[in-house]
Amino acid sequence: ALQAVVDETLGMAMQGQAPEQEYLYYASPLPEPYLSRRRANGWGLYGHLGIGKGDRMASATQALRNFAFFGAPTALFFFIDAELAQGSWVDYGMFLQSFMLAARERGLHTCPQAAWNGFAKIILPHIGAGEEEMLVCGMALGYADWVVTEAAFTMRCLQDQARTDAFHFQDYFALGIRQGQRSSEAGAPAGRVMGACFVQLP
C-alpha cells in the first residue's frame, strides 16, 4: 500500500500537477517577519545543498525527497476528524511534539512533513481513513545521518537559532534519515494508533 502511495504521489508531483490542499498551512499572503524568515531559511538550506537561486530543476529534485521520506525506514501519516475545530488542532500539535520527543528519548529522529498535505486524496484511502478524516501531516522516523548535507545544515541552524522566537520546523528538520544498525527498533507494524498510521518501509 505504501509503495502505491509513493508511486502515485511522485507521479503527480513529477508531472507538475497542483496538489489539492485541504487546509492552508501558511497564511496567504504570509506577513513579515515570517515571510523573510521562511525565504532566508529556504535559501540557506538550498545554498548549503549547492542549489543556486533560480535552479528550478535542482530545487524540484530536492523537493521530491519528501516523498521518499528522506531515506527513513518508517513512514507515518497523521489524521484528524475534519469536523473538529482549531482548538483540536492545537491539541494535535502537542500530540505530535510529544511523539517526536518520545522518539528522541529512544534515540530516534523525526521529520514532520507538510509536503504530503496536498495529496491526502491519494493517501487516506490506502491507510483506511474514512471520508470524515483529514490528513494533518506525514512524518519520517529513523536515525539521522549527520553526514547527509541536509542534516548538517539542520544542526548548524539549531545551534545558530537557539532562541525563543518561532522558526519553521518543517524546513529545519529536513533530515537525511538512515536505517542504521538498529533500524529494526525504529520500525512499527502497519496500523492505526492515536490518529496515526505507521508503515514500515521495505
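## Overall make-up

Of the 202 residues in the chain, 41% are buried. The model is a predicted one, and its secondary structure comprises 8 helices and 6 strands, which follow one another from the N terminus in the order α-α-α-β-α-β-α-β-α-α-β-α-β-β. Among the contacts in the chain with a separation of 6 or more, 80% are between residues 24 or more positions apart.

## Confidence of the prediction

The pLDDT averages 75 over the chain, and 71% of the residues score at least 70. Over residues 162-202 the pLDDT stays under 50, although the model has 124 contacts beyond four places in sequence for this stretch. Where pLDDT is low, the predicted coordinates should not be read in detail.

## Nonpolar cores

The largest nonpolar core has 22 residues, and those with the most contacts inside it are Phe-69, Phe-77, Trp-116, Ile-123, Leu-124, Ile-127 and Leu-135. At least two residues of this core come from each of H1, strand E1 (74-81), H5 and strand E3 (133-144). Another core, of 17 residues, lies apart from it and has Leu-76, Ile-80, Ala-103 and Val-136 among its members.

## The loop between H1 and H2

Because Glu-20 lies in the loop between helix H1 (2-14) and helix H2 (34-48) while Lys-121 belongs to helix H5 (residues 120-126), the pair ties together parts that are 101 residues apart in sequence. Glu-20 is partly exposed at 48% relative accessibility, whereas Lys-121 is exposed at 66%.

Gln-21, in the loop between H1 and H2 as well, is partly exposed with a relative accessible area of 46%. Leaving aside residues up to four places away in sequence, Gln-21 touches Asn-117 and Gly-118; its C-alpha is also 7.6 Å from that of Phe-119, although Gln-21 and Phe-119 are 98 residues apart in sequence.

The loop between H1 and H2 also holds Pro-29 and Pro-33. A cis peptide bond joins Ser-28 to Pro-29, with omega about 5°, and the peptide bond from Glu-32 to Pro-33 is likewise cis, with omega near 5°. Most residues other than glycine have a negative phi, and most peptide bonds are trans.

## Helix H2 and positive phi values

H2 has 15 residues, and the distance from its first C-alpha to its last is 21 Å, close to the 21 Å expected at 1.5 Å a residue. Just after H2, Gly-50 takes a positive phi of about 80°.

Positive phi values are also found in residues other than glycine: Phe-69 has a phi of about 55°, and the phi of Phe-70 is near 55°. Phe-69 lies in the loop between helix H3 (56-63) and E1, and Phe-70 is in the loop between H3 and E1 too. Phe-69 is buried, at 1% relative accessibility, and is one of the residues with the most contacts inside the largest nonpolar core; Phe-70 is buried as well, at 4% relative accessibility.

Gln-113, in strand E2 (residues 109-113), is buried with a relative accessible area of 0%, and its side chain reaches the backbone oxygen of Asn-66 at 2.7 Å. Glu-133, in strand E3, counts as buried at 13% relative accessibility because the limit for burial is under 20%, and the side chain of Glu-133 reaches the backbone nitrogen of Gly-130 at 2.6 Å.

## Salt bridges

The count of salt bridges in the model comes to 2. Arg-106 is exposed, with a relative accessible area of 54%, and Glu-105 is exposed with a relative accessible area of 67%.

Definitions and conventions
Residues numbered from 1 in each chain as written. Heavy atoms only, no water. Salt bridge = Lys/Arg side-chain N within 4 Å of Asp/Glu carboxyl O. Helix = DSSP H or I, 4+ residues; strand = E, 2+ residues; numbered from the N terminus. Buried < 20%, exposed > 50% of the residue type's maximum accessible area, 1.4 Å probe, protein only. pLDDT = per-residue confidence, 0-100. Contact = heavy atoms within 4.5 Å. Polar contact = N/O pair within 3.5 Å; in protein donor to acceptor, adjacent residues only side chain to side chain. Core = buried A, V, L, I, M, F, W, Y, C linked by side-chain atoms within 4.5 Å. Expected span 1.5 Å × (residues − 1).
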